[in-house]
Amino acid sequence: MATSTPTQERRTARAVAPSVAPRGVTQRVAVWSATHRWTAVGLWALFIVLAASVSMAVAPRQATDLDLGVGESGRAAQTAADAGHPDATVENALVTARTGKLDPREADAAARDLVSRLGALDEVASVADPVTSKDGTAVLVQATMAAPAEDVVAQVPALEDAVASVQAEHPDLRVEEVGMASIQAEFQDWLGSQLGRATLLSVPLTLVILLVVFGAIVMAGIPVVLGLSSVAAGLGLWAAASQLLPDPGTVTDLLVLVGMAVGVDYSLFYLRRFREERQRLGKDATIDAISVAAKTAGHSVVVSGLAVTLSMAGLYFAGNATFAAMATGSILVVLVALVSSVTVLPAMLAIFGRWADRPRVPVLWRLTGGRPRLVPAMLRRVLARPVAATVTAVVGLLALAAPVLGISLENGDVDEFPRTLATMQTYDRLVAEFPQGAAPDTVVVQVPAGQESELRAQVKALDAEVARHPDVFAGTEAPWYSDDGRTAVVTVDLAQAASSGGGTSGSEIANDSVATLRETVVPATVGSIPGATADVGGNAASSLDFTANLRHATPIVAAAVLGLTFLVMLVAFRSVAVAGLTVVLNVLSMAATFGVLTLVFQGTWAEGVLGFTSNGHVVSWVPMLLFVVLSGLSLDYHVFVVSRIRENAKLGLPTREAILGGVTRTAGTITSAAAVMVGVFCLFGVLGFIELKQFGVGLVVGVVLDATVVRLVLLPATMMLARRWLWWPGLRRTSAVVGQGVPELRSADR
């Protein structure tokens with residue numbers, strides 16, 4: 001009689017099927033992955049390498065101002081570009097004294113050197129004559145760049161080198177180069193280093209938090225590995241997608257943020273359930289534990305991933321290329337994280353299952369073994385008095401939300417860039433010496449063939465009409481006409497008061513100039529030509545249009561996200577009450593988050609704590625992006641908790657016990673996931689750029705509120721109140737946890 005060898009026995013044990021045949025797709029995939037572990041890992045590694053290599057071969061295509069334009073100003077810019085209007089960029093060389101008064105002769109010599117050296121550069125189309133400030137303390141030399149606006153940043157180093165050579169020959173003077181292109185170049189380098197540092201710090205921080213959660217190195221390391229691999233693959237896929245949908249400059253950072261968040265969350269949910277089932281079934285039942293984890297936590301991950309994907313898709317309703325790109329990048333990395341969790345994670349658990357709790361971290365390991373006491377005690381009080389708990393939580397969230405009624409949304413501008421940048425220090429000196437006013441408005445007119453003479457006549461009328469508003473406009477410059485004579489671009493200079501020191505009055509006049517042109521000047525002149533299109537563009541118009549677009553789009557995006565959330569939850573849980581509660585709780589949590597954001601950043605009381613200078617408003621794009629990202633992260637937690645409650649209900653537990661057990665069993669996982677997210681988001685909240693600081697602080701507040709007030713108080717209390725209708729119209733299919741055969745509840749309030 002043949003006997004098996006020890007090696008054969010180990011192979012048989014590793015490949016054994018679960019004791020109950022898997023029925024769901026998620027379960028079947030997990031069991032296949034666990035029993036073909038090296039094949040699954042190899043295929044996943046191949047996919048990661050191939051996807052990540054795309055970003056090495058193809059750089060993400062960066063969006064231009066034309067790509068990002070919205071509204072009337074976007075149409076104006078596109079019409080001018082199509083007609084061949086040169087979009088000239090001007091850079092400045094500023095000469096001032098280091099100490100004391102400026103020596104006119106030395107300054108004149110430096111200015112002549114600047115004109116000579118800048119004019120000799122291929123990157124420069126022309127150099128204007130030097131201009132001395134009114135008080136004689138500075139000399140300005142302006143260079144018009146030869147390249148289109150989108151290519152100027154790459155040419156800035158040549159100017160900086162030329163100016164630096166003049167500075168070396170005139171050491172007693174301060175000779176500096178500054179302009180929008182050079183400011184953007186330095187700012188992007190600075191921001192990239194800040195975000196890179198935050199991203200690098202987020203990895204060890206995440207690992208430390210997971211070590212506290214699991215008390216073992218292997219279990220703590222798996223989520224980090226999967227999170228990083230998801231991000232690597234997502235970056236490669238985005239590099240390819242950006243060729244069709246260009247990157248506005250923020251997608252990569254958002255992709256890393258979202259990728260690490262969901263990658264760690266999904267792995268954490270799966271690992272905690274695997275660990276729980278392995279302890280229940282025994283250490284030798286690794287495949288069974290994986291199967292149960294796949295049926296429960298794995299299914300929750302799939303539902304959550306699809307819900308997050310649809311939530312991110314809500315950004316497409318913004319009608320803005322910036323948010324469409326953000327949505328695409330986020331969706332790609334979420335799908336990668338989702339697939340990794342349900343395919344390769346079971347294989348990794350099969351490989352490392354025997355060492356899942358090794359090597360142990362001595363002190364931390366002891367902290368993970370005890371039964372929770374605080375959460376069950378608190379939940380019993382909440383479930384005993386659900387009305388009081390609901391009212392208290394809702395009143396508290398509404399109180400936090402109250403400041404949002406006074407929220408002021410404005411688009412960020414260059415004045416909010418950090419003053420630690422050398423170009424911003426030069427910019428401040430330039431504005432102080434040459435207060436030239438805000439960037440001019442532009443009027444772009446295109447007429448049908450045969451209306452060329454009427455166009456020229458109305459352009460003259462526009463010049464006369466502008467002169468009737470001397471409090472707003474300083475006049476118009478010579479108009480530009482296309483070769484066919486059908487398109488005209490008129491530059492309208494603003495009154496000097498529009499930028500005297502960059503104060504509030506200047507900002508108001510810049511905005512008033514756009515309104516005056518659009519409502520009065522243009523309709524009475526060039527806009528009256530039959531069949532003509534007449535649009536007002538320029539920096540002020542672009543900022544106003546961007547903010548107006550967001551104000552219009554935000555309710556649409558919010559409604560789309562909430563509607564899609566309702567549908568996903570309805571399909572996943574077959575319960576109108578659960579789907580409705582998800583939407584209501586989401587709205588309350590978001591409102592409270594936005595209220596705190598308004599309270600913090602529109603006032604001055606938190607400036608010293610968070611290290612910022614209040615500009616009196618919330619950056620216009622922050623609330624919309626916060627709403628979508630936090631909705632996605634909230635759904636992660638929500639689906640995980642409700643799935644566990646529903647699982648208990650299927651096993652025949654009364655509603656109160658099902659809620660108590662579901663929330664208690666998931667509280668540690670939710671808290672752990674939230675701790676990871678808060679730690680990572682705090683790194684972004686301490687960055688020196690006000691826009692990212694607002695976004696980071698908003699994420700922290702939203703996650704904390706959701707993981708505490710909503711998950712531990714409001715959700716169980718409202719589910720208890722709705723217990724008679726909680727699973728209406730009912731769960732029609734029977735189901736059982738692996739190894740058990742308890743049919744689903746037929747009554748919602750057993």
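Modeller: Happy to! The cover over the buried residues of H13 includes helix H2 (25–35), helix H3 (37–57), helix H9 (217–241), helix H10 (251–281), helix H11 (286–313) and helix H12 (321–342). Helices here are DSSP runs of H or I with at least four residues, strands are E runs of at least two, and both are numbered from the N terminus. Contact means heavy atoms within 4.5 Å. Bear in mind that this is a predicted model, where local features need pLDDT of at least 70 and side-chain atom pairs count only at pLDDT 80 or more, while totals for chains, interfaces and linings use all residues. Residues are numbered from 1 along each chain as its sequence is written, and side-chain values use heavy atoms, with hydrogens and water left out.

Why call H13 enclosed? Eight of the nine residues in this helix (residues 344–352) are buried, so the rest of the structure largely encloses it. Buried is under 20% relative accessible area, exposed is over 50%, and partly exposed is in between (1.4 Å probe, protein chains only). The buried ones are Val 344, Leu 345, Pro 346, Ala 347, Met 348, Leu 349, Ala 350 and Ile 351.

One of the covering helices, H10, holds Glu 277. Glu 277 counts as buried because its relative accessibility is 3%. Leaving out residues up to four places away in sequence, Glu 277 touches Gly 282, Ala 289 and Val 292.

The largest nonpolar core has 174 residues, and Phe 323, Trp 621, Phe 681, Phe 695 and Val 703 have the most contacts inside it. Such a core is a set of buried Ala, Val, Leu, Ile, Met, Phe, Trp, Tyr and Cys residues joined through side-chain atoms within 4.5 Å. Not counting residues up to four places away, Trp 621 touches Phe 323, Phe 546, Leu 550, Glu 691 and Phe 695. A second, separate core has 26 residues, including Val 443, Val 472, Leu 517 and Val 526.

With 1% relative accessibility, Ala 107 counts as buried. Beyond its neighbours within four places in sequence, Ala 107 is in contact with Val 95, Leu 102, Val 139 and Leu 173. For Ala 107 and Val 95, twelve residues apart along the chain, the C-alpha atoms are separated by 6.7 Å.
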